[in-house]
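Hello,

Here is the structure I promised to hand over. Please have it open while you read, and my notes on what was found in it follow below.

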Amino acid sequence: MPISASTWQKSSYCAQGNSCVHVGADPAGAVLLTESGDPSGTVLSTPAPAFHALLRTLKSTENSHG
């Protein structure tokens, strides 16, 4: 279920502070990314399948080096 752009989520792996990426979704289902230090600043938008492919690649790379 997509979240609204005004409802940003941060990874539970992120420590306290302003060095994280927040993730949200727009009404059309695109994934939105913004910096936690300035969530009202620049917002990047990408199609959900592209974001999921990025996450799969990152997880695969992490597992191959871990």
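One definition before we start: a residue is called buried when its relative accessible area is under 20%. Please also keep in mind that this is a predicted model.

**The overall picture**

The protein has 66 residues, and buried ones make up 21% of them. One helix and four strands are present, and they follow the pattern β-β-β-β-α along the sequence. The accessible surface comes to about 5000 Å², and carbon and sulfur atoms account for 58% of it. As for contacts between residues at least 6 apart in sequence, 10% of them join residues at least 24 apart.

How are the four strands arranged? They form an open sheet with the order 1-2-3-4 and antiparallel pairing. Its edge strands are strand 1 (9–10) and strand 4, each of which pairs on one side only.

Going through the pairs in order, strand 1 meets strand 2 in the antiparallel sense over two bridges. Here Gln9 stands opposite Val23 of strand 2.

Next come strand 2 (residues 21–25) and strand 3, also antiparallel, with five bridges. You can find this pairing by looking for Val21, which stands opposite Glu35 in strand 3, and for Gly24, whose bridge partner in strand 3 is Leu32.

Finally, strand 3 pairs with strand 4 (residues 43–46), in the antiparallel sense over four bridges. Thr34 has Val43 of strand 4 as its bridge partner.

Strand 3 (residues 31–35) deserves a look for its cover too: four of its five residues are buried.

**The turn between strands 2 and 3**

Strand 2 and strand 3 form a hairpin, with five residues between them. In the turn, Gly29 has a positive phi of about 100°.

Asp26 also sits in the loop between these two strands. What does the side chain of Asp26 have beside it? A polar atom of that side chain lies 3.0 Å from the backbone nitrogen of Ala28. The backbone nitrogen of Ala30 lies 2.8 Å from a polar atom of the Asp26 side chain. If you follow the chain back 19 residues from Asp26 you come to Thr7, and the C-alpha atoms of the two are separated by 9.8 Å.

**The loop between strands 3 and 4**

In this loop you will find Ser36. Ser36 has a relative accessibility of 10%, so this residue counts as buried. Ser36 and Ser19 are 17 residues apart in sequence, while their C-alpha atoms are 6.5 Å apart in space.

**The largest pocket**

Where is there empty space? Rolling a probe the size of a water molecule over the atoms shows where it is left. The largest pocket has a volume of about 240 Å³.

Which residues line the largest pocket? They are Gln9, Lys10, Ser11, Val21, Val23, Phe51, Leu55 and Lys59. Strand 1, strand 2 and helix 1 (48–65) each supply at least two residues of this lining. The largest share comes from helix 1, with three residues.

Several of these names have come up already. Gln9 and Val23, which stand opposite each other in the sheet, are both among the lining residues. Val21, the residue opposite Glu35, is another one of the lining.

**Where to begin**

After that, move to the largest pocket and its lining, to which helix 1 gives three residues.

I hope this helps you find your way around. Enjoy exploring!

Best wishes

Definitions and conventions:
Residues are numbered from 1 along each chain as its sequence is written. This is a predicted model: local features need pLDDT of at least 70, side-chain atom pairs count only at pLDDT 80 or more; totals for chains, interfaces and linings use all residues. Side-chain values use heavy atoms; hydrogens and water are left out. Buried means under 20% relative accessible area, exposed over 50%, partly exposed in between (1.4 Å probe, protein chains only). Two strands pair if DSSP finds at least two bridges between them. A polar contact is a pair of N or O atoms within 3.5 Å; within protein, one must be able to donate a hydrogen and the other to accept it, and residues adjacent in sequence count only if both atoms are side-chain atoms. Contact means heavy atoms within 4.5 Å. Accessible areas come from the Shrake-Rupley method with a 1.4 Å probe; for residues, only the protein chains shown count as cover. On a 1 Å grid over the protein atoms alone, a cavity is a set of points where a 1.4 Å probe fits but cannot get out, and a pocket is an open set with protein on both sides within 12 Å along at least five of seven lines; lining residues have an atom within 4 Å of a point. Grid points are joined across faces, edges and corners, and a volume is the space filled by probe spheres set on the points.
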